[in-house]
Amino acid sequence: MESETGALRAVLVHSPDGELNTLTPDDHAEFLFDELVWPQRAREEHEAFTTVLRSRGVAVLDLREGLAEVCRDKEVGRRLAAQAMAGARVPPRARDEVISWLAELPAEMLVRSLLGGISSDEVPRWVPGTGSLWRHRPWRLLDPLPNQMFTRDSSAWFRDGYLLGRMRSGARAREVDLVAALYRHHPWFAGHAERCWNEALPPSMPIEGGDLLVLSGRALAVGVGDRTCAAAVEALAEELFARELCDRLVVVDLPRTRATIHLDTLVSFVDEDAVVMSPELGGRPVCTLRPGRGGPVLRHQPDFATAAGEALGSALRVLEPGRDGGNHRREQWDDGCNVLAVAPGEVIAYESNELTNDHLERHGIGVHRIPGSELRRARGGPRCLSCPLHRDS
Ligand SMILES: NC(=O)NCCC[C@H](N)C(=O)O
């Protein structure tokens with residue numbers, strides 16, 4: 001992966017399912033959803049998204065199906081069950097038995113439980129250790145993963161390898177275990193097991209894929225804000241520079257608000273030399289990190305466009321829908337700036353963001369408009385819903 005806009009050849013997605021059904025008015029915020037969504041409609045919207053991808057010749061791997069394939073190997077299934085149970089609400093004396101029960105389920109059912117969560121009363125009575133309170137006061141034994149559909153955040157590909165997310169919120173931490181298992185065991189990724197660029201970085205330093213933009217085969221842009229911390233970026237720079245994978249990080253300081261959780265909520269590439277960008281990003285502090293003898297060397301930059309243009313080697317065209325008037329902040333909240341390029345000058349966007357989409361079309365960008373009335377309630381757009389695995393360079 002050496003760009004954000006080269007013709008998209010393969011992508012990892014996750015079609016939402018049972019994990020959306022389990023949210024309640026009391027806990028949706030804890031799971032980083034601003035509202036409850038209508039699961040069936042969200043699924044249909046997601047299907048509309050993958051239909052466009054397939055119609056453009058993109059190979060689509062669905063995480064749910066891919067995981068079921070890898071869990072047919074019982075050892076892999078057992079390891080995933082054990083990982084899930086390590087953080088689950090299960091009394092210690094029943095843990096091994098519950099792991100064995102899960103590991104023996106058909107692969108599809110195991111995957112459904114890992115994604116959708118488990119209530120204690122779903123565990124069959126014959127599993128030893130599932131005693132009295134267990135039956136009479138059922139509890140959520142394993143939390144669901146309703147944000148798994150935002151495959152952008154749990155991992156990100158750069159060059160011929162990938163970075164695994166270190167998620168800021170516990171509600172998303174387990175997503176990474178599932179993606180890591182897919183990369184380790186699915187035939188699509190044969191030969192890539194050793195290509196995780198940030199394996200050595202500790203989980204205590206959060207970094208999420210939505211904060212990473214691939215500027216070129218030598219440069220990344222990284223947002224530091226609500227989700228990704230400066231320490232993680234510093235460590236990432238050291239790691240990538242030491243491996244000589246990259247020689248420039250453009251680091252953008254993001255506002256810490258719900259509307260601006262990741263860098264890609266404020267900017268995405270729409271063409272080789274063009275971005276759609278919220279005017280809010282324009283005034284943010286930006287610097288570059290480059291390799292130096294005593295560690296990464298920091299240089300302040302006037303703004304994102306200048307720093308990114310320098311990395312690209314040519315001026316960046318900045319399309320700012322709000323500059324023409326109209327209430328762009330409303331659309332930014334609904335992921336107007338979070339579009340997925342399927343080829344240079346051709347993007348997928350939510351249809352409701354009319355001001356932004358019209359602006360892009362006036363500037364020569366082709367826009368595939370998809371429905372997103374339910375999906376956008378979780379604060380993620382088409383870019384968030386996709387993890388590109390391969391693009392033309
Ligand atoms: N890259 C992105 O902006 N991803 C969207 C993440 C939305 C999810 N509900 C979250 O708060 O993490």
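This is a predicted model: local features need pLDDT of at least 70, side-chain atom pairs count only at pLDDT 80 or more; totals for chains, interfaces and linings use all residues.

User: Ligand first. Which residues come nearest to the ligand?

Analyst: Asn147, Asp153, His262, Ala378 and Cys384 come nearest, out of 16 residues around the ligand. A residue counts as near if one of its heavy atoms lies within 4 Å of the molecule.

User: Which side chain has a polar atom 2.8 Å from a nitrogen atom of the ligand?

Analyst: That is Asp153. A side-chain N or O atom of Asp264 is 3.0 Å from a nitrogen atom of the ligand, and one of Arg172 is 2.8 Å from a ligand oxygen. The ligand taken alone exposes 350 Å², and the protein buries 100% of that. Accessible areas are Shrake-Rupley values with a 1.4 Å probe; for residues, only the protein chains shown count as cover.

User: And Arg172 itself, where is that?

Analyst: Arg172 is one of the buried residues of helix α9, residues 170-185. Others on that list include Ala171, Glu175, Leu178 and Tyr183. Buried means under 20% relative accessible area, exposed over 50%, and partly exposed in between, with a 1.4 Å probe and protein chains only. Helices (H or I, at least four residues) and strands (E, at least two) are DSSP runs numbered from the N terminus.

User: What caps the N-terminal end of α9?

Analyst: Ser169 does, with a side-chain oxygen 3.0 Å from the backbone nitrogen of Ala171. A polar contact here is a pair of N or O atoms within 3.5 Å; within protein, one must be able to donate a hydrogen and the other to accept it, and residues adjacent in sequence count only if both atoms are side-chain atoms.

User: Back to His262. What reaches the backbone oxygen of His262?

Analyst: The side chain of Thr265, at 2.5 Å. Thr265 is in the loop between β9 (248-253) and β10 (267-271).

User: Is Thr265 buried or exposed?

Analyst: Thr265 counts as buried because its relative accessible area is 3%. Leaving aside neighbours within four places in sequence, Thr265 is in contact (heavy atoms within 4.5 Å) with Ala259, Thr260, Gln332, Asp335, Cys337 and Asn338.

User: New topic: Ser216. Where is Ser216?

Analyst: Ser216 lies in the loop between β7 (212-214) and β8 (219-224). At 18% relative accessibility, Ser216 counts as buried. Beyond four places in sequence, Ser216 touches Glu2 and Phe158. A polar side-chain atom of Ser216 is 2.9 Å from the backbone nitrogen of Arg218.

User: And Gly294, buried or exposed?

Analyst: Gly294 is exposed, at 88% relative accessible area. Its loop runs between β12 (286-290) and β13 (297-301).

User: Last one. Which residues other than glycine have a positive phi?

Analyst: Leu32 has one of about 65°, and Arg159 has one near 55°. Most residues other than glycine have a negative phi. Leu32 sits in the loop between α1 (18-21) and α2 (39-55) and is buried at 17%. Arg159 is in the loop between β5 (155-158) and β6 (161-164) and is partly exposed, with 26% relative accessible area.

Conventions: Residues are numbered from 1 along each chain as its sequence is written. Side-chain values use heavy atoms; hydrogens and water are left out.
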